[in-house]
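Please consult the sequence and the structure shown below.

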Amino acid sequence: MRIVLAPVFAMLIFASPANALPGQCKRFEIPGSGIKRPDKPFCADMMQNAAGRNSFESCKIEMDGYESDMSAYLDCLDAEFKEAVSEYNGEVERFTCKAFGQHC
């Protein structure tokens, strides 16, 4: 009885001491609470339509950093999702094995 959990599950991740986060999640970890999305760039909301070149360039740098951070965050969620599915499937296999009286 193998299943693949829905990707939505990855959004419900919480860290616990017994279940460490994958390495790529460490930069997003809030000890004892789980993980946190990267903060949105403040400048995107504050920038005016007719912003000057300097304001635009400064905000573009922030937006590029945000894009990079979100990409790393999504890699983290993907790794955690894969680990969770693997752990679940392993437990199902172990349970099934024991349920049928096999040496596991």
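## Aromatic pairing and its surroundings

The structure, a predicted model, holds 1 aromatic pair. Phe 28 and Tyr 73 form this pair, with 5.5 Å from centre to centre and 80 degrees between the planes. The arrangement is edge-to-face, because the angle between the planes is over 60 degrees. Distant parts of the chain are linked by the pair: Phe 28 belongs to the segment before strand 1, whereas Tyr 73 lies in helix 2, 45 residues apart.

Gln 24 is also placed in the segment before strand 1 (29–30). Leaving aside residues up to four places away in sequence, Gln 24 touches Asp 75, Cys 76 and Ala 79. The C-alpha atoms of Gln 24 and Asp 78 are separated by 9.9 Å, and these two residues are 54 residues apart along the chain.

The table gives the accessibility of these residues.

| Residue | Relative accessible area | Class |
|---|---|---|
| Phe 28 | 6% | buried |
| Tyr 73 | 6% | buried |
| Gln 24 | 40% | partly exposed |

Phe 28 counts as buried because its relative accessible area of 6% is under 20%.

As to confidence, the chain averages a pLDDT of 81, and 79% of the residues score at least 70. Over residues 4–18 the pLDDT is below 50, and this stretch has 22 contacts in the model beyond near neighbours in sequence. Helix 2 (residues 53–99) has a mean of 94, while helix 1 (residues 42–46) has a mean of 85.

How values were computed
Residues are numbered from 1 along each chain as its sequence is written. This is a predicted model: local features need pLDDT of at least 70, side-chain atom pairs count only at pLDDT 80 or more; totals for chains, interfaces and linings use all residues. Side-chain values use heavy atoms; hydrogens and water are left out. pLDDT is the predictor's confidence in each residue, from 0 to 100. Helices (H or I, at least four residues) and strands (E, at least two) are DSSP runs, numbered from the N terminus. Contact means heavy atoms within 4.5 Å. Buried means under 20% relative accessible area, exposed over 50%, partly exposed in between (1.4 Å probe, protein chains only). Rings of Phe, Tyr and Trp (its six-membered ring) pair if their centres lie within 6.5 Å; planes under 30 degrees apart count as stacked, over 60 as edge-to-face and the rest as tilted.
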